[in-house]
Amino acid sequence: MFFDGVRPVDFGKIRGQEEAKRAAVISAAGGHNLLLIGPPGEGKSLLASAIPGILPRLRESEMVELTRIYSAVGLLGDDGNAVTRRPIRNVHHSVSMPALVGGGSGVPRPGEITLAHHGVLFLDELPEFSRRTLEALRQPLESGVVQITRVQASLEFPAQFTLVAAMNPCPCGYAGSERCTCAAKEVDKYQQKISGPLLDRIDLQVAMRPLTTDERFAKTKEGESKRLRAIVQAARDKQTKRFANTSISCNAAIPGGAVADYCEFSEDGFSEYKRVLEESSVTTRTSDRLARVSRTIADLEDHPQIESSDVLEAEKLMIKLGQE
Ligand SMILES: [Zn+2]
């Protein structure tokens, strides 16, 4: 398993990139999919490798479910101990479609997305994955399950994972700066490898920028992940209460039709929400995403109702929002 036996990098050791770090906290708290876009060497993989250190605890029922999955595929380890931590699966772009989503010849086997159930699926260099493989993620990202269709029967595996993905903005990696050597057409082609419908399912999309010299030499601290994990856990506990007696596991999984039931705004918060939607004339799917992310930020900020500051921050971390 990814990072097994290795202690996750402490958030306090990551210099700069405050926006991306905040997005990672929101992702961990509410189970939101996260895309990190930035030049090579600016810490995308480093940040991803720090995320396991701030994930909320597994609930009892989630442990049982995961242990059953890992036992069925013979991945429990020699001690046969139960799965007690959220799984992190780091999958290379050369992965085959059956290995990623499940299937294969003979008896269908669960893929990486099922092994990442209740945990994180990390895909580095997202545009390097085959288009077909990426498109196969759409349905499970939407429904939290993957259907393997066979001539005789169709099978279903659980796959409620949080996608954390990273990509360069262009083939050379430096689009947006003078260092970029790519033609505009090449940049477009590269970015279009990630389809709109897939991006539509990634709640948080943040750009990582080169550090300033001050940031590069800033002092680091220890223990930041521990502090953040407590905040994430408190936000997740609120969700456990909110979704008691439902099958919803976290804010990111609120069904489209139920957003209004679970995302309660203050008066100011709702005005702000309507302003954002009116200014960018977004789809229903995107307006639901904005509400879910705002709900998670409100949980992190201990706001019972979603306030305008929560909406504003959510808007900032969804850079696709104005580009539809
Ligand atoms: Zn370039």
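In this structure, the side chains of glutamate 142 and arginine 285 meet in a salt bridge with an N to O distance of 2.8 Å, where a salt bridge means a side-chain nitrogen of Lys or Arg within 4 Å of a carboxyl oxygen of Asp or Glu. This pair links distant parts of the chain, 143 residues apart, with glutamate 142 in helix α7 (residues 138-143) and arginine 285 in helix α14 (residues 284-300); helices are DSSP runs of H or I with at least four residues, strands are runs of E with at least two, and both are numbered from the N terminus. The model is a predicted one, in which local features need pLDDT of at least 70 and side-chain atom pairs count only at pLDDT 80 or more, while totals for chains, interfaces and linings use all residues. Residues are numbered from 1 along each chain as its sequence is written, and side-chain values use heavy atoms, with hydrogens and water left out.

**Salt bridges**

- Glutamate 142 counts as partly exposed because its relative accessibility is 47%, and arginine 285 counts as partly exposed at 34%; buried means under 20% relative accessible area, exposed means over 50%, and partly exposed lies in between, with a 1.4 Å probe and protein chains only.
- Glutamate 272 forms a salt bridge with arginine 275, and their closest N and O atoms are 2.7 Å apart.
- Glutamate 272 and arginine 275 are separated by about one helical turn because they are 3 residues apart in helix α13 (residues 267-280).
- Of these two partners, glutamate 272 counts as buried at 16% relative accessibility, whereas arginine 275 counts as partly exposed at 26%.
- Salt bridges that share partners join Glu142, Asp200, Arg201, Asp203, Arg285 and Arg289 into one network.
- A salt bridge also joins the side chains of arginine 138 and glutamate 135, at 2.7 Å from N to O, and a search of the whole structure finds 22 salt bridges.

**Zinc site**

- The protein donors of the zinc ion are the SG atoms of Cys170, Cys172, Cys180 and Cys182, which lie 2.2 to 2.4 Å from it; donors are N, O and S atoms within 2.8 Å of the metal (3.2 Å for Na, K and Ca), and water is not among the atoms, so sites may look incomplete.
- The site of the zinc ion is tetrahedral, with angles of 107 to 113 degrees among its 4 donor atoms, since four donors count as tetrahedral if all angles lie between 85 and 135 degrees.
- Along the chain, the donors of the zinc ion follow the spacing C-x1-C-x7-C-x1-C.
- Cysteine 172 counts as partly exposed because its relative accessibility is 22%.

**Nonpolar cores**

- The largest nonpolar core has 48 residues, and Leu34, Leu36 and Leu47 are those with the most contacts inside it; such a core is a set of buried Ala, Val, Leu, Ile, Met, Phe, Trp, Tyr and Cys residues joined through side-chain atoms within 4.5 Å.
- Helix α1 (residues 18-30) supplies the largest share of this core, 7 residues.
- Leucine 36 touches several residues beyond four places away in sequence, among them Ala20, Lys44, Leu47 and Met208, where contact means heavy atoms within 4.5 Å.
- A second, separate core of 28 residues includes Val95, Leu100, Leu123 and Val146.

**Histidine 118**

- Histidine 118 lies in the loop between α5 (112-115) and β5 (120-123), and this histidine is buried because its relative accessible area is 10%.
- Leaving aside neighbours within four places in sequence, histidine 118 is in contact with residues including Leu58, Glu62, Arg86 and Gln160.

Methods: Four donors count as tetrahedral if all angles lie between 85 and 135 degrees; four count as square planar and six as octahedral if opposite donors are over 155 degrees apart and all others between 65 and 115; anything else is irregular.
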